[in-house]
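Here's a quick briefing to read alongside the model. Keep the 3D view open and find each residue as it comes up.

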Amino acid sequence: ERCGGVVDKYVEYDLLWLYLVLLRGCAYRHLLFNHADQRAWLQAVLKVIAMYILCEAYTRSTAGLSFSVLGYVASRATTYVPPLAARYGAALAGVVGELVVYYGSLLALACASRVLCHVGSESSDTGRFVQDVLRVVLLSSFGRGFLVLGLVWGSVRSLLVPFTTLFVLVSNALALHVLWDSHHTVVACGCVLFAQLLCSAFSRVV
């Protein structure tokens, strides 16, 4: 405000994605607030998530479903559809369900934090608050695309899954940390971790 100059150094950087992968807070701040084409970035991330859903469902269906609710549904569905299609459909439902539980619970926890911890209290519009949280969480979920590599290098999938999960959790927490102006770091981490716990519980049930 004093000099009238540009203080966001990432405006001049072309390899923004590299600094996002390195989890640089300033890069996340640039993406969330100052990026010139944020809509295009969001569309690209949504495509990555869609690719992740399809590839993860394929991987799980070919690996076989455990004795769970979805496994039972798939076995019953083979009466009407081919076994491979039944397994893929059940796996697809499981992956989509996990994402819905994770992002849905994260939004619910963020809204609860708004009431209990006055997170985002500078915005009086609850709808705008929810929209902002969903936007930054989706924008910071680009790391899910790493699991697509499991189709190419199946031998490293056992390492990719925990690495990708941890990276996405840290990325989401960092994005919320930036959105809430660094004043509620513990709240942001708690929301992300509890949402992941609910997601893990759901995946064990189904």
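Phe 129 counts as buried because its relative accessibility is 4%, where buried means under 20% relative accessible area, exposed means over 50% and partly exposed is in between (1.4 Å probe, protein chains only). This is a predicted model, so local features need pLDDT of at least 70 and side-chain atom pairs count only at pLDDT 80 or more, while totals for chains, interfaces and linings use all residues. Residues are numbered from 1 along each chain as its sequence is written, and side-chain values use heavy atoms, with hydrogens and water left out.

**Phe 129 and the rings**

- A search of the whole structure turns up 6 aromatic pairs; for a pair, rings of Phe, Tyr and Trp (its six-membered ring) need centres within 6.5 Å, and planes under 30 degrees apart are stacked, over 60 edge-to-face and the rest tilted.
- Phe 129 and Trp 180 are stacked, because their ring centres are 6.4 Å apart and their planes sit at 5 degrees.
- Phe 129 is in helix α6 and Trp 180 is in the loop between α8 and α9 (185–205), so this pair ties together parts that are 51 residues apart in sequence.
- Trp 180 is buried, with a relative accessible area of 4%.
- Phe 129 has another neighbour: the charged end of Arg 114 sits over its ring, 5.0 Å from the centre. To count, NZ of Lys or CZ of Arg must be within 6 Å of the ring centre and within 35 degrees of the ring normal.
- The charged end of Arg 144 sits over the ring of Tyr 102, 5.5 Å from its centre.
- Phe 142, Phe 146, Phe 163 and Phe 167 are linked into a cluster by ring pairs.

**Helix α6**

- Helix α6 covers residues 126–139, and at 1.5 Å a residue its 14 residues should span 20 Å, which agrees with end C-alpha atoms that are 20 Å apart. The expected span is 1.5 Å times one less than the number of residues.
- The buried residues of α6 are Phe 129, Asp 132, Val 133, Arg 135, Val 136, Val 137, Leu 138 and Leu 139.
- What covers them? Among the elements doing so are α2 (25–34), α3 (38–63), α5 (83–116) and α8 (157–179).

**Salt bridges**

- Side chains of opposite charge can pair when their charged atoms come close.
- The count here is 4 salt bridges, each a side-chain nitrogen of Lys or Arg within 4 Å of a carboxyl oxygen of Asp or Glu.
- In α6, Arg 128 and Asp 132 meet in a salt bridge (3.2 Å, N to O); being 4 residues apart in the helix, they are separated by about one helical turn.
- Arg 128 is partly exposed at 47% relative accessible area, whereas Asp 132 is buried at 16%.
- Which residues form a network of salt bridges? Glu 56, Arg 60 and Glu 98 are linked in this way.
- Arg 60 pairs with Glu 56, their closest N and O atoms being 2.9 Å apart, and both lie in helix α3, 4 residues apart, about one turn.
- Arg 60 also meets Glu 98 in a salt bridge (2.9 Å, N to O). Arg 60 lies in α3 and Glu 98 in helix α5, so this pair ties together parts that are 38 residues apart in sequence.
- Arg 60 is partly exposed at 23% relative accessible area, while Glu 56 is buried at 5% and Glu 98 counts as buried at 11%.

**Leu 92 on helix α5**

- Leu 92 lies in helix α5 and is partly exposed, with a relative accessible area of 26%.
- Leu 92 touches Ile 53, Leu 54 and Ala 57, not counting residues up to four places away in sequence; contact means heavy atoms within 4.5 Å.
- Leu 92 and Ala 57 are 35 residues apart in sequence, but 4.7 Å apart in space, C-alpha to C-alpha.

**The whole chain**

- The chain has 9 helices and 0 strands. Helices (H or I, at least four residues) and strands (E, at least two) are DSSP runs, numbered from the N terminus.
- Of the 206 residues in the chain, 40% are buried.
- Among contacts between residues at least 6 apart in sequence, 68% join residues at least 24 apart.
- The accessible surface comes to about 11,900 Å², and 66% of that belongs to carbon and sulfur atoms. Accessible areas come from the Shrake-Rupley method with a 1.4 Å probe, and for residues only the protein chains shown count as cover.
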